[in-house]
Amino acid sequence: SFEEVADKPEDLEERAPIVTVMGHVDHGKTSLLDHIRQENVIAGESGGITQHIGAYGVQLEGGQKIAFLDTPGHEAFTAMRARGAQVTDIAIIVIAADDAIMPQTKEAISHAQAAGVPIVFAINKIDKPGANPDKVKEGLAQMNLLVEDWGGKIQSHDISAKTGVGVKELLEKVLLEAELLELKANPNKRATGTVVEAFLDKGRGYVSTILVQAGTLKIGDYVLAGKNSGKVKAMQDERGNEVKEAGPSTPVSILGLDGAPQAGDKFNVFEDEREAKQIATKRTQLQREQSVRTQRH
Ligand code: GDP
């Protein structure tokens, strides 16, 4: 059934942080996400992640993991929040060091603050001759955001998403922030989490990228996600590898749902397929009734 039983403290295990990258257009969000995806930050693995599935996990040399939502910009962040999804643990806010603090940067900061999500600033493009990271930090200080260099508590790191300078150190700071949050989840129960994106693939049917937030998702599980349901037929990680199960803070694409749920939809696992299907049908009906009502008014 649907009600969640509270976890006992002894059932909780450490989990990886889930990170969103935000910032003003052209300040380098995509470049940073691409760099992290392509670089060999994965311990002992060569080559980058080839698939674009809306989220990916990396493992640092020390073995620590970070899950990234690969949908840059706060539109995705706010769309998810609007659907009640709290997915992000930490926000990396990218600011170009050759530019001012722009409106979208300010928006991203207030979105993160409103969600109670800690910020790590990535002062980007320091390879550029016109870069002036100190000017950016001064601008932040004027907004009452004191970064560590300026005697404050907010983490920031100077980087170049283009050359890769500082990216590793930035991620280490993200991990430090994560440590303070003491992120935990119970892996030993039925999975719950959030849909990141979904689409119809010509050959494979509906492919949904989901982020497991608690419990462990397994092949054969009956999933309800928004108005869609189905039995998990196959799962793949961001490298296209088949996986049999996915624990907390793991992004995975699944096959087997009867449609494409929306980004921000929650997913749950049910003991039997019928129950999942009934709720999915009820949700579709409710939505239909609602749209009829709004059309009448
Ligand atoms: P987004 O709109 O925030 O996703 O920004 P992009 O990642 O698309 O970057 C915008 C432009 O800035 C692109 O032309 C990038 O190649 C460039 N860019 C991003 N990061 C850097 C950097 O660290 N150094 C330099 N020189 N250019 C960068």
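1. Buried here means under 20% relative accessible area, exposed means over 50%, and partly exposed lies in between, with a 1.4 Å probe and protein chains only. Helices (H or I, at least four residues) and strands (E, at least two) are DSSP runs, numbered from the N terminus. An α-helix has 3.6 residues a turn, so residues three or four places apart point the same way.

2. A word on the source: this is a predicted model, in which local features need pLDDT of at least 70 and side-chain atom pairs count only at pLDDT 80 or more, while totals for chains, interfaces and linings use all residues. Residues are numbered from 1 along each chain as its sequence is written, and side-chain values use heavy atoms, with hydrogens and water left out.

3. Asp-26 counts as exposed because its relative accessibility is 63%.

4. Ser-249 also deserves a glance, with a phi near 65°, again positive in a residue other than glycine. This serine sits in the loop between β14 (245-246) and β15 (250-257). Is Ser-249 buried or exposed? Ser-249 is buried, since its relative accessible area is 7%.

5. Stepping back, the protein chain has six helices and 16 strands. A compact globule of 297 residues would have a radius of gyration near 19 Å, and the 20 Å of the protein chain agrees with this. That radius is taken over C-alpha atoms, and the globule rule is 2.2 Å times the number of residues to the power 0.38. Of the 297 residues, 49% count as buried. Among contacts between residues at least 6 apart in sequence, 72% join residues at least 24 apart.

6. On confidence, the mean pLDDT of the protein chain is 90, and 94% of its residues reach 70 or more. pLDDT is the predictor's confidence in each residue, from 0 to 100. For the complex, the predictor gives an ipTM of 0.99 and a pTM of 0.91. Where pLDDT is low, the predicted coordinates should not be read in detail.

Conventions. Contact = heavy atoms within 4.5 Å.
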